[in-house]
Amino acid sequence: MSSQSYANVNKSSKSIKTAVKASTGKQDLVGLFQFFEDNCGFDDNYNPTNNPSKKRFEDFKNTFVAHSDSYYVKPLSNIPAKYRNVVKSIQMVQDDREVIHYYVNFKNATYRGYDLDKLDVSFIPYSEYDYHDHLYFKDASFFALKPSFKFPGTGWQESDEEQGFNREKLSITCDGVPH
């Protein structure tokens, strides 16, 4: 099992224009994670779409996922400035099943007002379809969002092995399929 991480130690006082909730000082990442609401980037028959939210999410992932001879974490300076203040750290871990996980840990970040904990981008190297994107929340109150979400061809799944909401793990999952 291998691991690599970067922590955000940027102490800049520079003001960045973002979608911040004024009363709490938290940044809502609805624009970045709209992908989870938008059918995970697929139509109802699991065909990939050219959805703008999918492109934004993929572009974000490409700012920290890196590969040459092996996978590694790009420096936090690659994260777009408008998100840098809410990224606490990024860690890459390869588990016992050879799955690589990129954990993006958040600070003062929300999705539609619900506190975010982390994003887990996980995949099996060199596989085009075996990947999962998990968005973790700090408590189960995010379940109020459920009616706004649609997952391709699955209805509502409650397992972390499938698309959908997982109350036990406090997460929403989008998974990949062959294409």
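I looked up F57 first: at 0% relative accessibility it counts as buried (under 20% relative accessible area is buried, over 50% exposed, in between partly exposed, with a 1.4 Å probe and protein chains only). F35 is buried too, at 2%.

This is a predicted model, where local features need pLDDT of at least 70 and side-chain atom pairs count only at pLDDT 80 or more, while totals for chains, interfaces and linings use all residues. Residues are numbered from 1 along each chain as its sequence is written, and side-chain values use heavy atoms, with hydrogens and water left out.

Next I went through the rings. Phe, Tyr and Trp (its six-membered ring) pair if the centres lie within 6.5 Å; planes under 30 degrees apart are stacked, over 60 edge-to-face, the rest tilted. That rule gives me 18 aromatic pairs. F35 and F57 have ring centres 4.7 Å apart and planes at 15°, so I noted them as stacked. F35 sits in helix α1 (residues 30–37) and F57 in helix α2 (residues 52–61), so their pair ties together parts 22 residues apart in sequence. Helices here are DSSP runs (H or I, at least four residues), numbered from the N terminus. Both rings belong to one aromatic cluster, which also includes F33, F36 and Y71.

Then α1 itself: I found six of its eight residues buried, namely L32, F33, Q34, F35, F36 and E37. N39 follows α1 and has a positive phi, near 60°.

Last, charges over rings (NZ of Lys or CZ of Arg within 6 Å of the ring centre and within 35 degrees of the ring normal). I have R167 over the face of F143 at 3.9 Å from the ring centre, and K118 over Y136 at 5.0 Å.

Technical notes. Helices (H or I, at least four residues) and strands (E, at least two) are DSSP runs, numbered from the N terminus.
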